Amino acid sequence: MIRLRRWRLWQWWLLGGGMVSAVYLAMPSENPWAWALYSAIGFVSAAALVVGVRRNRPRRPGLWYSFAAAVTLAASGDVIYQLQYFSWGWDTFPAPADISYLAAYPLYALGAYQLIKGRISGRDRAGLLDAAIVSVSLSLLAWSFLMRPIAADESLSVLERLVALAYPAVDLLLLIMLVRLLTTPGARTASYRLLVAALAAQLVSDIGFAVVNMFTVYTDGVFDAGWLAAYVLLAASALHPSMRALSEVAPDRAERFTRNRLTLLAVAALLAPVVLIVQGVTTPDDIDWPAIAGSSAVLFLLVLARMSGLIARIQDQAAQLRALAHNDALTGVPNRRAWDLELSREMAKAVRSGEPVAVALLDLDHFKQFNDANGHPAGDRLLKEAAAAWSDQLRTGDLLARYGGEEFGVLLVGESVAAAPAMLERMRAATPLGRTFSGGLAVWDGHEMPEQLVGRADEALYEAKNGGRDRVVAAGPVPAPATTASPAAAGVSA
């Protein structure tokens with residue numbers, strides 16, 4: 001027998017809200033009961049928002065109460081509009097309902113702003129710039145095709161013009177908040193998706209209503225469905241249990257410049273020339289060049305700032321990769337790769353300068369026993385502290401590198417043959433945690449290859465270990481070769 005999954009409150013709410021909205025849409029628009037049902041959906045949605053806050057107890061309830069207050073004001077505007085239309089017979093603009101309608105949008109924007117601010121742990125410069133780029137482009141569209149015709153309409157009084165301009169202005173404010181929310185890091189939960197869908201439904205209906213009213217008078221229809229969907233979806237986002245995580249601070253993460261975001265920014269940057277083309281084709285004698293030029297300049301600067309941020313991030317990452325490629329992850333000193341490169345470089349320089357070059361290999365005595373007795377974390381600590389203590393004894397220009405395991409290499413440049421052993425003795429005395437090391441020292445003869453020089457130091461190291469450890473042994477001079485080899489033939493390039 002198949003057991004049906006138990007529905008949750010937010011699912012029942014979506015089902016019920018969708019059914020009641022469908023009943024309203026099926027009723028004649030002139031029916032007062034239809035308008036009463038429309039208003040009831042708004043007020044009940046506001047109450048459902050409060051219920052969601054009380055049930056789920058988010059850490060930042062204030063933003064949800066802002067949404068609830070916004071829905072209450074919008075529903076109150078519906079009631080006032082119905083009284084104007086059915087009871088008072090008002091057919092003027094502006095009217096009292098506009099006060100309630102317009103007052104709802106700052107509260108929508110306030111709730112979205114609080115949500116955005118609560119999801120960011122630090123400065124989200126990239127997301128802010130992306131939102132600014134899209135917002136500037138959308139602002140140009142709103143001004144060119146919605147607000148500018150209203151501002152230029154001399155048949156409207158000053159008050160009518162101001163109120164008519166206020167509607168696209170508050171829609172633009174809410175649209176900017178929505179774009180910023182979409183570019184903000186944080187949990188993309190079911191509550192997040194419901195909230196975004198609610199704000200999008202509100203904006204689509206508002207913009208569609210404004211466009212239709214530019215050519216005719218809107219009565220009823222599809223835009224009512226969008227406004228009702230905004231009520232129902234917003235309440236569902238508060239009723240969903242994931243709303244608790246929606247306003248939590250997002251963990252820091254590496255920025256990802258995805259293809260979708262790049263496409264969005266490209267479209268946004270191209271909107272200004274598109275507006276110019278449209279105006280050039282439709283109204284060539286009335287091109288709004290100040291708005292287009294101003295938005296283009298702002299977009300250019302924003303894109304420039306965005307690209308500079310990406311370049312700086314790439315440079316930082318490249319520097320980190322170089323450090324990872326040349327430094328030992330545990331001790332922080334150069335690794336074997338860096339050792340090999342630096343040794344060859346210093347030997348090549350010594351060919352020209354004539355300065356002596358010496359290398360030493362150091363091996364921590366009885367490191368395995370120390371590791372087994374004290375654990376690997378203690379062994380790691382010994383390696384790190386030893387590397388730090390030994391580095392303090394070296395001069396600027398000398399090099400300490402982790403050669404492998406508990407072995408370290410030391411490159412001494414310009415140190416005399418007599419002074420090099422004294423340097424190593426000071427390092428041996430500085431070894432932390434009461435430990436000791438065995439060392440082998442070899443001075444370059446000016447002809448041998450790097451691996452031969454290191455090989456002699458390694459032989460001296462084994463001699464020190466076989467001789468009782470806790471000592472430094474210097475390798476003897478290189479036997480005179482049968483023929484004199486040039487430094488280039490020895491594998492050292494200048």
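**Note on the predicted chain**

1. Confidence. The mean pLDDT (the predictor's confidence in each residue, from 0 to 100) is 85 for the chain, and 91% of its residues reach 70 or more. Residues 1-5 have a pLDDT below 50, and the model gives this stretch one contact beyond near neighbours in sequence; contact means heavy atoms within 4.5 Å. Residues 482-494 also stay under 50, with 20 contacts beyond four places in sequence. Where pLDDT is low, the predicted coordinates should not be read in detail.

2. Basis. This is a predicted model: local features need pLDDT of at least 70, side-chain atom pairs count only at pLDDT 80 or more, and totals for chains, interfaces and linings use all residues. Residues are numbered from 1 along each chain as its sequence is written, and side-chain values use heavy atoms, without hydrogens and water.

3. Elements. The chain holds 16 helices and five strands. These are DSSP runs numbered from the N terminus: helices are H or I with at least four residues, strands are E with at least two. Confidence is highest in helix 8 (residues 222-239), at a mean of 94, and lowest in helix 11 (residues 289-326), at 78.

4. Overall form. The C-alpha trace spans about 115 × 70 × 40 Å along its principal axes. Why is the chain called more spread out than a compact globule? Its radius of gyration is 37 Å, well over the 23 Å that the globule rule gives for 494 residues. That radius is taken over C-alpha atoms, and the rule is 2.2 Å times the number of residues to the power 0.38.

5. Burial. Of the 494 residues, 42% are buried. Buried means under 20% relative accessible area, exposed over 50%, and partly exposed in between (1.4 Å probe, protein chains only).

6. Contacts. Among contacts with a separation of 6 or more, 73% join residues 24 or more positions apart.

7. Alanine 36. This residue sits in helix 2 (residues 32-56). Alanine 36 is partly exposed, at a relative accessible area of 34%. Valine 79 is 43 residues away in sequence, yet the C-alpha to C-alpha distance is 7.7 Å.

8. Which residues are they? Arginine 57 has phi near 50°, and leucine 433 has phi near 60°. Neither is glycine. Arginine 57 lies in the loop between helix 2 and helix 3 (61-88) and is exposed, at 67% relative accessibility. Leucine 433 lies in the loop between helix 15 (419-429) and strand 4 (437-443) and is partly exposed, at 41%.
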